[in-house]
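Subject: A structure for you to look at

Hi,

Here is the structure I promised to pass on to you. Have a look at it first, and then read on for what turned up in it.

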Amino acid sequence: MKNKLLMFTMFVSVLLLLAACGTDNTEKTGSSSEESKDTFTVGLEAGYPPFNWTQLDDSNGGVKISGNAEYAGGYDVEIAKKIAEGLGKELVIVKTEWDGLVPSLQSNKIDAIVAGMSPTAERKQSIDFSDNYYTSNFVMIVKKGGPYENATSIQDFSGAKITGQLNTSHYGVIDQIEGVQKQPASDNFSAMRVALESGVIDGYVSERPEGISASAANKNFAMVEFTEGFVADEEETAVAVGLKKGSELTDQINEILAKISEEERQEIMDKAIQNQPAAE
């Protein structure tokens, strides 16, 4: 009898211990969940000026990059700050390679993509987008004083070595140039600028803000705007916030963006171009 009673007592003790552990874990999980609701985590390259770039301090409104000693600045960062403020949350910036942005969003590592991303039909198959927060047009970045600086038509680049960023409409429209020597796509804009500087390519396709940025940062570069340019849908030249399918943030973000006038958006872009880091 004593043995049975002892075993019963031990059994009850174990149950009480497990119950206590379960309660403690539940409380910790709840606390973590509440903390996550206080932040708006945004993914961007921090390498696509004037939309986004990396800098060493918080000058000109730079925001600390999560898990990094560096800061992010640029047009996207300023828009992300306004969205976070409108949501009543703390902005967290996660520096992410371009090809890693959508997977990071889908795996809940970030809440949104604010990275100069265009809401193309292909991307809409995997993620949702907010309303546009900027619209531009395609240009070509070339060497100043070179044979293509005074081009007026995209067909003036027949025979030229041209590239664009990987998995973007910038790269896709190159096919509209007859006889072009389309080069392998580049992972990022820094690499394309280096390739252009060294003569590996004759030019790269970009959008007007980045073109202004590139030519302002490097005196050896020139931006070519066309009278006979690339044919593209607005969705390919606009940029919007990328969100998970069915995200409850979409409507909230659209309401916040609607309060930013076109004049203010242009002022933010002009300031971003002015504040961009100088080329190394």
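**Gln 55 and its surroundings**

The side chains of Gln 55 and Trp 53 make a polar contact at 2.7 Å (a pair of N or O atoms within 3.5 Å; within protein, one must be able to donate a hydrogen and the other to accept it, and residues adjacent in sequence count only if both atoms are side-chain atoms). A polar atom of the Gln 55 side chain also lies 2.8 Å from the backbone oxygen of Asp 57. Gln 55 belongs to strand E2, residues 53–55; helices (H or I, at least four residues) and strands (E, at least two) are DSSP runs, numbered from the N terminus. Gln 55 counts as buried because its relative accessibility is 10% (buried means under 20% relative accessible area, exposed over 50%, partly exposed in between, with a 1.4 Å probe and protein chains only). Setting aside neighbours within four places in sequence, Gln 55 is in contact with Gly 62, Glu 70, Tyr 71 and Gly 73, where contact means heavy atoms within 4.5 Å.

**Before you go further**

Please keep in mind that this is a predicted model, in which local features need pLDDT of at least 70 and side-chain atom pairs count only at pLDDT 80 or more, while totals for chains, interfaces and linings use all residues. Residues are numbered from 1 along each chain as its sequence is written, and side-chain values use heavy atoms, with hydrogens and water left out.

**The overall picture**

The protein has 10 helices and 13 strands. Of its 280 residues, 44% are buried. Among contacts with a separation of 6 or more, 68% are between residues 24 or more positions apart.

**Helix H2 and its two partners**

Helix H2 (residues 75–87) packs against helix H9 (residues 249–258) at about 110 degrees, with the axes 9 Å apart. Axes here are lines fitted to C-alpha atoms, for helices over the stretch in contact, and angles run from 0 to 180 degrees between N-to-C directions. H2 is therefore roughly perpendicular to H9 (under 35 degrees counts as roughly parallel, over 145 as roughly antiparallel, 65 to 115 as roughly perpendicular and the rest as oblique). On the H2 side, the contact includes Ile 79, Lys 82 and Ile 83, and on the H9 side Gln 252, Ile 253 and Ile 256 are among the residues taking part.

H2 also packs against H10, at an angle of about 135 degrees and with the axes 9 Å apart, so H2 is oblique to H10. Here Tyr 75, Glu 78, Ile 79 and Lys 82 of H2 meet Glu 264, Arg 265, Ile 268, Met 269 and Ala 272 of H10.

Ala 272, in helix H10, is buried because its relative accessible area is 6%. Beyond neighbours within four places in sequence, Ala 272 is in contact with Pro 50, Trp 53, Gly 74 and Tyr 75. Ala 272 and Ser 213 are 59 residues apart in sequence, and their C-alpha atoms are 8.9 Å apart. Ser 213 is one of the buried residues of helix H7 (residues 208–217).

**Backbone details in the loops**

Pro 50 sits in the loop between strand E1 (39–44) and E2, and the peptide bond from Pro 49 to Pro 50 is cis, with omega near 10 degrees. Ala 46 lies in the loop between E1 and E2, has a positive phi near 60 degrees, and counts as buried because its relative accessibility is 7%. Asn 167, in the loop between strand E9 (161–163) and helix H5 (169–172), has a positive phi near 60 degrees.

Best wishes
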